[in-house]
Amino acid sequence: QVQLVESGGGLVQAGGSLRVACAASRNIFSFDHMGWYRQPPGKQRELVAIMASTGSTTVAGFVKGRFTISRDSSINTMYLQMNNLRPEDTAVYYCNGRSYGVDYWGQGTQVTVSS
């Protein structure tokens, strides 16, 4: 059974930084791609950033230049470094991994940005 476990969320002031992590229970190269999604209060879940197994990345326009997705394959962990946070970045952040057409999700971690 595949498990994705997020950590690192919390409360931060606008302009601050946070790094969230996603620890996978198996080799991260076994996923076609892994990514971060978020769900702001009262809104639908949206894609934030995605990394293919090749290492290529795609970042949503609304966080480009502020957020960076990365990974440490030695510990099967993916990261999302979030800088210059804004109140509108407040959301539950979810880790996702796709393998053979199956999506796996973490339980989510809350990020709250105060103004």
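Tutor: What follows covers cysteine pairing and then backbone angles. This is a predicted model, in which local features need pLDDT of at least 70, side-chain atom pairs count only at pLDDT 80 or more, and totals for chains, interfaces and linings use all residues. Residues are numbered from 1 along each chain as its sequence is written, and side-chain values use heavy atoms, with hydrogens and water left out.

Student: OK, how many disulfides does a search of the whole structure find?
Tutor: The search finds one disulfide, a term that stands for a pair of cysteine sulfur atoms within 2.5 Å. Its partners are Cys22 and Cys95, whose sulfur atoms lie 2.0 Å apart. The pair links distant parts of the chain, since Cys22 is in strand 3 (residues 18-24) and Cys95 in strand 9 (residues 91-99), 73 residues apart. Strands here are DSSP runs of E with at least two residues, numbered from the N terminus.

Student: And why is the disulfide called left-handed?
Tutor: The torsion about the S-S bond of Cys22 and Cys95 is about -70°, so the disulfide is left-handed.

Student: Is Cys22 buried or exposed?
Tutor: Cys22 counts as buried because its relative accessibility is 0%, and Cys95 is buried with a relative accessible area of 0%. Buried means under 20% relative accessible area and exposed over 50%, with partly exposed in between (1.4 Å probe, protein chains only).

Student: Switching topic, what about phi of Asn76?
Tutor: Asn76, a residue other than glycine, has a positive phi near 50°, and it sits in the loop between strand 7 (67-72) and strand 8 (77-82).

Student: Then where does Tyr100 lie?
Tutor: Tyr100 lies in the loop between strand 9 and strand 10 (102-105). Although Tyr100 is not a glycine, its phi is positive at about 50°, and Tyr100 counts as exposed at 78% relative accessibility.

Definitions and conventions:
Helix = DSSP H or I, 4+ residues; strand = E, 2+ residues; numbered from the N terminus.
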